[in-house]
Amino acid sequence: MEIFMKQPALTKRLKRIYDFIGEGDRIVDVGSDHGLLPVYALMSGKCPCAFATDISRPSLQKTIDLAQANGIELGCACCDGLAGVPDGIFDTVVIAGMGGLLIADILKQNPLHSVKKYILQPMTAQYELRQYLNRNQYSILQEALVKEEGKIYNILTAVPNRGQKLSEKELRLGFGVENEPLYEEYLERKISRIKMILANLQHSRTESGKKQEAAALLALYENCQKSFNKIK
């Protein structure tokens with residue numbers, strides 16, 4: 001692994017996550033792996049303190065090595081999710097680069113009472129994660145779309161203890177993403193994927209429920225596309 005002796009560069013995805021961090025936020029980076037985000041946040045002066053966790057000891061060691069090589073003091077714990085994070089210190093939690101169902105499970109298992117904001121970047125099951133937030137008194141404040149190496153990622157910020165009722169469109173596509181520059185391409189990809197699923201189900205006699213669900217989802221996406229084309 002390359003060790004940086006100056007502030008490390010962030011990928012587009014990590015840079016957008018960093019942009020959601022507020023000045024003076026005390027952050028926890030869950031599943032930190034290489035540790036680029038917390039080390040960058042500390043070296044930039046944006047964050048006064050940071051804590052990194054990872055369930056893998058070798059992965060966490062990458063974070064420790066990077067911090068030490070750059071003279072950075074960074075709290076670390078080899079643990080599952082937030083289990084090893086001291087409560088009452090940190091106000092912002094970043095959980096990125098893992099599935100939406102796992103993110104929801106981490107939020108459920110070890111909530112920190114001092115946390116005021118979550119920055120979440122699910123690789124899969126974005127719909128299920130939004131459902132969990134919607135049903136458990138979280139409110140999504142903002143959602144961004146970032147394209148990196150041909151893939152479009154959802155990054156969202158959420159706050160606890162502030163109920164919100166998302167529409168089916170918001171649950172499926174994201175909260176406020178129609179204002180994102182990548183929205184048109186993002187929607188086109190959603191439509192193409194659903195059409196492919198429907199084509200694969202076309203001759204199946206046992207998957208009528210899945211066909212109906214896919215058809216309804218396609219109609220939702222195509223209506224969103226029509227509405228967007230009218231105002232762009």
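These legends walk through a few close-up views of a predicted model.

The model is a prediction, so local features need pLDDT of at least 70 and side-chain atom pairs count only at pLDDT 80 or more, while totals for chains, interfaces and linings use all residues. Residues are numbered from 1 along each chain as its sequence is written, and side-chain values use heavy atoms, with hydrogens and water left out.

**View 1. Helix 8 and what covers it.** Here we look at helix 8, residues 208–231; helices (H or I, at least four residues) and strands (E, at least two) are DSSP runs, numbered from the N terminus. Its 24 residues reach 35 Å from first C-alpha to last, close to the 34 Å expected at 1.5 Å a residue (the expected span is 1.5 Å times one less than the number of residues). Ala214, Leu217, Leu218, Tyr221, Cys224 and Phe228 are buried in this helix. Buried means under 20% relative accessible area, exposed over 50%, and partly exposed in between (1.4 Å probe, protein chains only). An α-helix has 3.6 residues a turn, so residues three or four places apart point the same way. The cover over the buried residues of helix 8 includes helix 6 (168–173) and helix 7 (183–201), where contact means heavy atoms within 4.5 Å.

View 2. Rings of Phe, Tyr and Trp (its six-membered ring) pair if their centres lie within 6.5 Å; planes under 30 degrees apart count as stacked, over 60 as edge-to-face and the rest as tilted. Tyr18 belongs to helix 1 (residues 12–20) and Tyr40 to helix 2 (residues 36–43), 22 residues apart. Tyr18 is buried at 10% relative accessible area, and Tyr40 is buried at 14%. Lys46 sits over the face of Tyr18, 4.1 Å from the ring centre; that label needs NZ of Lys or CZ of Arg within 6 Å of the ring centre and within 35 degrees of the ring normal.

**View 3. A tyrosine cluster.** Tyr118, Tyr132 and Tyr138 make up one aromatic cluster. Tyr118 and Tyr138 pair edge-to-face, 5.8 Å centre to centre and 75° between the planes. Tyr118 is in strand 5 (residues 117–122) and Tyr138 in strand 6 (residues 138–148), so the pair ties together parts 20 residues apart in sequence. Both Tyr118 and Tyr138 are buried.
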